[in-house]
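Colleague: I have a few things to ask about this one. Can we go through them in turn?

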Protein chains: 2
Amino acid sequence: MSRTHRSPAQPSPGIEARFRLRVQRGPDIAIGPGKIALLEAIRDHGSITQAAKEIGMSYRRAWMLLDELNRSLRKPATASNQGGTRGGGSLLTAEGEQLIALYRDIERRAEQAASRQLASLVKLVCRP
Amino acid sequence: MSRTHRSPAQPSPGIEARFRLRVQRGPDIAIGPGKIALLEAIRDHGSITQAAKEIGMSYRRAWMLLDELNRSLRKPATASNQGGTRGGGSLLTAEGEQLIALYRDIERRAEQAASRQLASLVKLVCRP
């Protein structure tokens with residue numbers, strides 16, 4: 001789910017630094033790595049059922065996370081796709097696509113900006 | 001513990017984006033925000049007891065986290081300070097100071113590099 005960093009020389013196999021980005025909304029986590037992974041799976045599979053299976057989550061948990069996410073956004077990230085031959089699917093709205101793109105862009109920028117320091121941090125840790 | 005980001009105009013009070021940086025060592029989290037906050041409190045207070053109290057953690061939990069951290073580092077982040085009039089304190093080693101500095105520097109760089117995108121992400125979320 002999160003992007004990982006390995007220093008170029010990989011001095012320490014099995015050790016990696018990860019950023020996890022969360023957006024807090026009062027006491028709740030409105031956006032976090034789990035919800036972003038779920039949105040990406042819905043984009044790729046076109047249904048909550050398939051997306052949940054893909055990321056090893058129960059349908060109920062996926063549905064609840066998505067409902068929580070959509071309620072906390074100004075505009076929902078997903079919509080029902082009730083037409084078509086298969087019917088009953090879910091798809092991402094423009095806001096959902098934008099949300100994923102922004103989240104992953106932030107992770108990339110963060111890791112690029114701190115790449116050298118992340119490598120130094122990883123080097124302080126000994127092998128498992 | 002984590003640094004927070006608010007967009008300059010603060011369009012959404014109560015909403016903030018946070019990076020949390022973790023270093024995984026095999027299945028374990030070798031370094032994370034809780035351990036860094038504990039090290040900072042030990043640096044500021046000179047004892048595990050006081051540090052634990054400061055961050056609202058039991059002595060036992062603080063001691064275990066610190067033991068886990070020191071075992072996962074190439075060189076320990078803390079040392080016992082058994083001399084002096086008060087005795088029995090703990091202090092940071094050069095490696096402990098370096099660890100805190102690197103961790104906070106990485107957070108700062110990450111947030112600066114993604115500042116504009118973090119503000120856009122926060123704007124997608126509605127007020128609580």
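Colleague: Where is A:Tyr59 placed?

Modeller: A:Tyr59 sits in helix H3 of chain A, residues 59-72. Keep in mind that this is a predicted model.

Colleague: Is A:Tyr59 buried, exposed or partly exposed?

Modeller: Its relative accessibility is 45%, so A:Tyr59 counts as partly exposed.

Colleague: On to the two chains. How many residues are in contact?

Modeller: 40 residues of chain B contact 41 residues of chain A. The area buried between the chains is about 3700 Å², and carbon and sulfur atoms give 67% of that. On the chain B side, B:Arg74, B:Leu121 and B:Leu124 lose the most area to chain A, together 18% of what that side buries.

Colleague: Which element of chain B gives the largest share of its side?

Modeller: S2(B), with 11 residues.

Colleague: And in chain A, what does A:Gln24 touch?

Modeller: A:Gln24 is in strand S2 of chain A, residues 15-25. Leaving out residues up to four places away in sequence, A:Gln24 touches A:Ile29 as well as B:Gly14, B:Ile15, B:Glu16 and B:Arg18. A polar atom of the A:Gln24 side chain lies 3.4 Å from the backbone oxygen of A:Gly26.

Colleague: Why does A:Gln24 count as buried?

Modeller: Because its relative accessible area is 16%, and the cut-off for buried is under 20%.

Colleague: Back to salt bridges. How many are there over all chains?

Modeller: The search of the whole structure finds 16. One of them joins A:Glu16 and A:Arg18, with the closest N and O atoms 3.3 Å apart. A:Glu16 is buried at 14% relative accessibility, while A:Arg18 is partly exposed at 25%.

Colleague: What about A:Arg109 and A:Asp105?

Modeller: They form a salt bridge too, with 3.1 Å between the closest N and O atoms. The two are 4 residues apart in helix H4 of chain A, so about one helical turn separates them.

Colleague: Which residue does B:Glu95 pair with?

Modeller: B:Lys75, in a salt bridge at 4.0 Å, N to O. That pair links distant parts of the chain: B:Glu95 is in helix H4 of chain B and B:Lys75 is in the loop between H3 and strand S4, 20 residues apart.

Methods:
Residues numbered from 1 in each chain as written. Chains lettered and ligands numbered in written order. Predicted model: local features only at pLDDT ≥ 70, side-chain atom pairs only at ≥ 80, totals over all residues. Heavy atoms only, no water. Buried < 20%, exposed > 50% of the residue type's maximum accessible area, 1.4 Å probe, protein only. Polar contact = N/O pair within 3.5 Å; in protein donor to acceptor, adjacent residues only side chain to side chain. Contact = heavy atoms within 4.5 Å. Buried area = accessible area lost by both parts, 1.4 Å probe. Salt bridge = Lys/Arg side-chain N within 4 Å of Asp/Glu carboxyl O.
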